[in-house]
Amino acid sequence: MKITVDEGKCCGAGSCVLAAPEVFDQRDEDGVVVLLDPEPGVELHQAVHEAASVCPAAAIALAEAQ
Ligand code: SF4
């Protein structure tokens, strides 16, 4: 899995951080998402899918590893 985030789309809702705090954080200044781990281990994939699906701005894109 490879994660990309679109900081321009992110509205700072923080839903991704709640769903997968090991992978996502937010900037202190404006709440925009910070990607902590763009290629998380398989044990985190379910949480990452959850994070992407709850993001209100659809700012999280997931690509499965080939
Ligand atoms: S859930 Fe989406 S909009 Fe909210 S902080 Fe995360 S990436 Fe940004």
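The questions and answers below go from the overall fold to the core and the ligand.

Me: In what order do the elements of the chain run from the N terminus on?
Reply: The model is a predicted one. Its chain has 2 helices and 4 strands. From the N terminus on, these elements follow the order β-α-β-β-α-β.

Me: What radius of gyration does the chain have, and why does it agree with a compact globule?
Reply: The C-alpha atoms fill a box of roughly 35 × 20 × 15 Å along the principal axes. For 66 residues, a compact globule would have a radius of gyration near 11 Å, and the chain agrees because its own value is 11 Å.

Me: Among contacts between residues at least 6 apart in sequence, what share joins residues at least 24 apart?
Reply: Two residues are in contact here if their C-beta atoms lie within 7 Å. Of the contacts between residues at least 6 apart in sequence, those joining residues at least 24 apart make up 58%.

Me: Which elements do the buried residues of helix α2 pack against?
Reply: Helix α2 spans residues 45-54, and its buried residues are Val-48, Ala-51 and Ala-52. They lie on the same side of α2, because they cover an arc of only 95° around the axis. In general, an α-helix has 3.6 residues a turn, so residues three or four places apart point the same way. The buried residues of α2 pack against β1 (2-5), α1, β2 and β4 (60-63).

Me: Which element supplies the largest share of the largest nonpolar core?
Reply: This core has 15 residues, of which Cys-16, Ala-20, Ala-51 and Ile-60 touch the most other members. At least two residues of the core come from each of β1, α1 and α2. The largest share, 3 residues, is supplied by α2.

Me: Which residues is Cys-16 in contact with, leaving aside its neighbours within four places in sequence?
Reply: Cys-16 is one of the core residues that touch the most other members. With neighbours within four places in sequence left aside, its contacts are Phe-24, Val-33, Ala-51, Cys-55 and Ile-60.

Me: How many residues of the shell around the ligand are nonpolar, polar and charged?
Reply: The ligand is surrounded by 16 residues, the closest being Cys-10, Ala-13, Cys-16, Val-33 and Cys-55. The elements that give two or more residues to this shell are α1 (15-19) and β2 (24-26). By type, the shell divides into 12 nonpolar, 4 polar and no charged residues.

Definitions and conventions
Residues numbered from 1 in each chain as written. Predicted model: local features only at pLDDT ≥ 70, side-chain atom pairs only at ≥ 80, totals over all residues. Near = placed C-beta within 6 Å. Nonpolar A, V, L, I, M, F, W, Y, C, P; charged D, E, K, R; others polar. Buried ≥ 20, exposed ≤ 12 C-beta atoms within 10 Å, placed from the backbone. Arc of directions from axis to C-beta. Core = buried A, V, L, I, M, F, W, Y, C linked by C-beta atoms within 7 Å. Rg over C-alpha atoms; globule rule 2.2 N^0.38 Å.
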